[in-house]
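The structure is shown first, and the description follows.

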Amino acid sequence: MSIFNSFLSLTPRTRILVGSAFLAWGTLGLYITDRAESRFGLAASEEDREALGKVVPRVQVVEREGR
């Protein structure tokens, strides 16, 4: 039996609680990660952002004639 089928076999109230727990876990993880980055000095500097900007591909829109 797959995990999804096991999840569907739970009662609706239990599914709501499990889903809410996953949402809370994700939200808490995002909040804690941002705070840990700043506390441990791992936040991106302007130099890091500029270096990333050079690596990221750029998309240029070219107008076609005849349309």
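## Overall form and exposure

Of the 67 residues of the chain, 0% count as buried. The coordinates are those of a predicted model. The accessible surface of the chain amounts to about 6,900 Å², and carbon and sulfur atoms account for 62% of that area.

The chain contains three helices and zero strands, and its elements follow the order α-α-α from the N terminus on. The radius of gyration is 22 Å, well over the 11 Å given by the globule rule for 67 residues, so the chain is more spread out than a compact globule. Along the principal axes, the C-alpha atoms fill a box of roughly 55 × 50 × 20 Å.

Helix H2 comprises 28 residues, residues 12–39. From its first C-alpha to its last, H2 reaches 40 Å, which is close to the 40 Å expected at 1.5 Å a residue. Gly 41 follows H2 and has a positive phi, near 75 degrees.

The count of aromatic pairs comes to one. The pair is formed by Phe 22 and Trp 25 and is classed as tilted, with 6.1 Å centre to centre and 40 degrees between the planes. Both residues belong to helix H2, where they lie three residues apart, about one turn of the helix. Phe 22 and Trp 25 are both exposed.

Tyr 31 is likewise located in helix H2. Together with Leu 28 and Ile 32, Tyr 31 makes a nonpolar surface patch of about 320 Å².

Side chains of opposite charge can pair when their charged atoms come close. In the whole structure, a search finds one salt bridge. Which side chains meet in this salt bridge? They are those of Arg 49 and Glu 46, at 3.3 Å from N to O. Both residues lie in helix H3 (residues 46–55), and because they are three residues apart, about one helical turn separates them. Glu 46 has a relative accessible area of 53% and is therefore exposed, the cut-off being over 50%.

## Summary of side-chain pairs

The two pairs described above are set out below.

| Pair | Type | Distance |
|---|---|---|
| Arg 49 and Glu 46 | salt bridge | 3.3 Å, N to O |
| Phe 22 and Trp 25 | tilted aromatic pair | 6.1 Å, centre to centre |

Note on methods:
Residues are numbered from 1 along each chain as its sequence is written. This is a predicted model: local features need pLDDT of at least 70, side-chain atom pairs count only at pLDDT 80 or more; totals for chains, interfaces and linings use all residues. Side-chain values use heavy atoms; hydrogens and water are left out. A salt bridge is a side-chain nitrogen of Lys or Arg within 4 Å of a carboxyl oxygen of Asp or Glu. Helices (H or I, at least four residues) and strands (E, at least two) are DSSP runs, numbered from the N terminus. Buried means under 20% relative accessible area, exposed over 50%, partly exposed in between (1.4 Å probe, protein chains only). The expected span of a helix is 1.5 Å times one less than its number of residues. Patches are made of residues with over 30% relative accessible area and no salt bridge: like charges are joined within 9 Å, nonpolar side chains (Val, Leu, Ile, Met, Phe, Trp, Tyr) within 5 Å. Accessible areas come from the Shrake-Rupley method with a 1.4 Å probe; for residues, only the protein chains shown count as cover. Rings of Phe, Tyr and Trp (its six-membered ring) pair if their centres lie within 6.5 Å; planes under 30 degrees apart count as stacked, over 60 as edge-to-face and the rest as tilted. The radius of gyration is taken over C-alpha atoms; the globule rule is 2.2 Å times the number of residues to the power 0.38.
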